[in-house]
Amino acid sequence: MPLPGRWLTSLLFRYNGKMFLIDCGEGTQIPLKQAGWGFKAVDAIFFTHYHADHIAGLPGLLLTIGNSGKDTPLDLIGPPGLLWVVRSLLAICPALPYEIRAVEMPSQGSGSASNSGAGAGSDMPPHADIELYGNLSFQYAQCDHNATCYAYSFHLRRQGAFKPERAKALDVPLGAWKILQSGEPVSLPDGRRIEPDMVLGPARRGIKLCYCTDTRPAPSLRKLFSDADLLICEGMYGSDTEIGNARQKKHMTFGEAATLARDAGAGELWLTHYSPSLQNPSEHLGAARRIFEKTYAGRDLMSKTLKFAD
């Protein structure tokens, strides 16, 4: 539940002028306003699942986005059941000045549109890369929760470095170098077609951002989060003495989240989605940091700029 000084779970990330939101709990539009990034550039909203604390803020946010002057389509992306949920919520904001495009991503396991598959597919590999925008793509995997729930991984690919010596050897004119550097092929006056990989080195390490809530640890999540630069992960319970509750309610302790980050080779872990009874999450970081040193307690408006390693 929302508490004084603690809003419900939501993540906003920005790349190349476009913004993407994951989950939209009650009141999400208020911290978004505080962040000062505006609303018009929100291009897609992803949903982990459809429990109210992850989606009840959607109608108000859609209206605020409409008032920002947005007139380009907004994509809503989530597990099966999204179409029905969105139709229901849009009943109180039917006249939006932009198009809503709802996209249901297939579930793992049976492949049906059922929303009852607790834990179904949680041991299966993540779905393949799906293009989102430019060289930004995403994957998802099914969590182990009491409703169909997805975790997401966003990957910003980075092509290889431009090799001038290769371009010179191929007699590529200087005017075409920039086009090839941008990843586009060029056709030369002599009829030859030069592909970018002919003048680029091997692909370099990109940036990987991962997010999950409402789940038990699962092998599919370790695969999805492999080598993440930043993993934002639920930590419903601070102490491992709460492991019984975590198992029963399909959530994680701080220690379990830290173990998941360590085993996935993540660079940094932010904990989120705390139990209302967890008044001071930072008090429980010690045990988690003994498992994974770079563990931090998430808080409202916490932010970070992710950069290429070289």
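How many bridges join β2 to strand β3, and in which sense do the two strands run? In this predicted model, four bridges link β2 to β3 (residues 42–46), and the pair is parallel. Within this pairing, Phe20 sits opposite Ala44 in β3.

Tyr15 stands across from Lys18 in β2. Two residues lie between the strands of this hairpin, and Asn16 adopts a positive phi near 55°. How enclosed is strand β2 by the rest of the structure? Of the five residues in β2 (residues 18–22), four are buried, that is, under 20% relative accessible area, so the strand is largely enclosed by the rest of the structure.

Attention can now turn from the strands to the space beside them. A probe the size of a water molecule, rolled over the atoms, shows where empty space is left. The second largest pocket holds about 190 Å³ of space. Its lining consists of 15 residues, and those nearest the centre are Ala44, Asp75, Ile77, Arg101 and Leu132.

Several strands contribute to the pocket: β2, β3, β4 (74–78), β5 (100–104) and β6 (130–133) each provide at least two lining residues. The largest share, four residues, is supplied by β6. Sorted by class, the lining contains ten nonpolar and five charged residues, with no polar ones.

Notes: Residues are numbered from 1 along each chain as its sequence is written. This is a predicted model: local features need pLDDT of at least 70, side-chain atom pairs count only at pLDDT 80 or more; totals for chains, interfaces and linings use all residues. Side-chain values use heavy atoms; hydrogens and water are left out. Buried means under 20% relative accessible area, exposed over 50%, partly exposed in between (1.4 Å probe, protein chains only). Two strands pair if DSSP finds at least two bridges between them. On a 1 Å grid over the protein atoms alone, a cavity is a set of points where a 1.4 Å probe fits but cannot get out, and a pocket is an open set with protein on both sides within 12 Å along at least five of seven lines; lining residues have an atom within 4 Å of a point. Grid points are joined across faces, edges and corners, and a volume is the space filled by probe spheres set on the points. Ala, Val, Leu, Ile, Met, Phe, Trp, Tyr, Cys and Pro count as nonpolar, Asp, Glu, Lys and Arg as charged, and the others, Gly among them, as polar.
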